[in-house]
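Here is a short note to read with the model open beside you. Take the points in order, and find each residue on screen as it comes up.

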Amino acid sequence: METYHYPATFVNQLKGDPEAGKKIFLEFCGACHNENPSVDVNAPRIGDKIKWGAYRDLKMPTLLKLTIQGNGAM
């Protein structure tokens, strides 16, 4: 199994994979955003409609920018 050290390499290897979104989430986002995160930085968790409410009205370009540049502890 190959070890991934660079996010872009990991993502490029997932092109065409129907599970790509899930794999990316688990690799990069899940540590803080899973229902039971391994790193608790008070990030909004999957299913927490109240905490995600602040992001709900943002448009996709803004959400993508936050994801790429980081937000809070990201």
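**Notes on the model**

1. Start with His33, which sits in helix H2. The model is a predicted one. Is His33 buried or exposed? His33 counts as buried, because its relative accessibility is 13% and the cut-off for buried is under 20%.

2. Look at what surrounds His33. Setting aside neighbours within four places in sequence, His33 is in contact with Phe25, Ala43, Pro44, Arg45, Ile46, Trp52 and Met74. Two of these names, Trp52 and Met74, come back in the point on the pocket.

3. Now step back to the whole chain. The chain has four helices and zero strands. Along the sequence, the pattern reads α-α-α-α. The helices are H1 (7-13), H2 (20-33), H3 (49-56) and H4 (60-69).

4. Next, the overall dimensions. Along the principal axes, the C-alpha atoms fill a box of roughly 40 × 30 × 20 Å. The chain has 74 residues, and 11% of them are buried. His33 belongs to that buried group. The accessible surface of the chain is about 6,100 Å². Carbon and sulfur atoms account for 57% of that surface.

5. Check the contacts along the chain.

6. Turn to the largest pocket. How much space lies in it? The figure is about 750 Å³. The pocket is lined by 27 residues, and the closest to its centre are Cys29, His33, Trp52, Thr67 and Met74. So the buried His33 is also one of the residues closest to the pocket centre.

7. Which helices build the lining? H1, H2, H3 and H4 each supply at least two residues. H2 gives the largest share, with seven residues. What kinds of residue are these in the lining as a whole? The lining divides into 21 nonpolar residues, six polar and no charged.

8. Cysteines deserve a check. A disulfide is a covalent bond between the sulfur atoms of two cysteines. How many disulfides does the structure hold? The count is zero. Cys29 is in no disulfide, and the nearest cysteine sulfur, that of Cys32, is 9.0 Å away. Cys32 is likewise in no disulfide, with the sulfur of Cys29 as its nearest, at 9.0 Å.

9. H4 has ten residues, and the number buried is zero, so H4 lies largely in the open. H4 still supplies at least two residues of the lining of the largest pocket. After H4 comes Gly70, with a positive phi near 95°.

10. Asn42 lies in the loop between H2 and H3. Its phi is near 65°, a positive value in a residue other than glycine. Is Asn42 buried or exposed? Asn42 counts as exposed, because its relative accessibility is 55% and exposed means over 50%.

Key. Residues numbered from 1 in each chain as written. Predicted model: local features only at pLDDT ≥ 70, side-chain atom pairs only at ≥ 80, totals over all residues. Heavy atoms only, no water. Disulfide = S-S within 2.5 Å. Buried < 20%, exposed > 50% of the residue type's maximum accessible area, 1.4 Å probe, protein only. 1 Å grid on protein atoms, 1.4 Å probe; cavity = no way out; pocket = protein on both sides within 12 Å on 5 of 7 lines; lining within 4 Å. Points joined across faces, edges and corners; volume = space filled by probe spheres on them. Nonpolar A, V, L, I, M, F, W, Y, C, P; charged D, E, K, R; others polar. Areas by Shrake-Rupley, 256 points an atom, 1.4 Å probe, with all protein chains shown as cover. Contact = heavy atoms within 4.5 Å.
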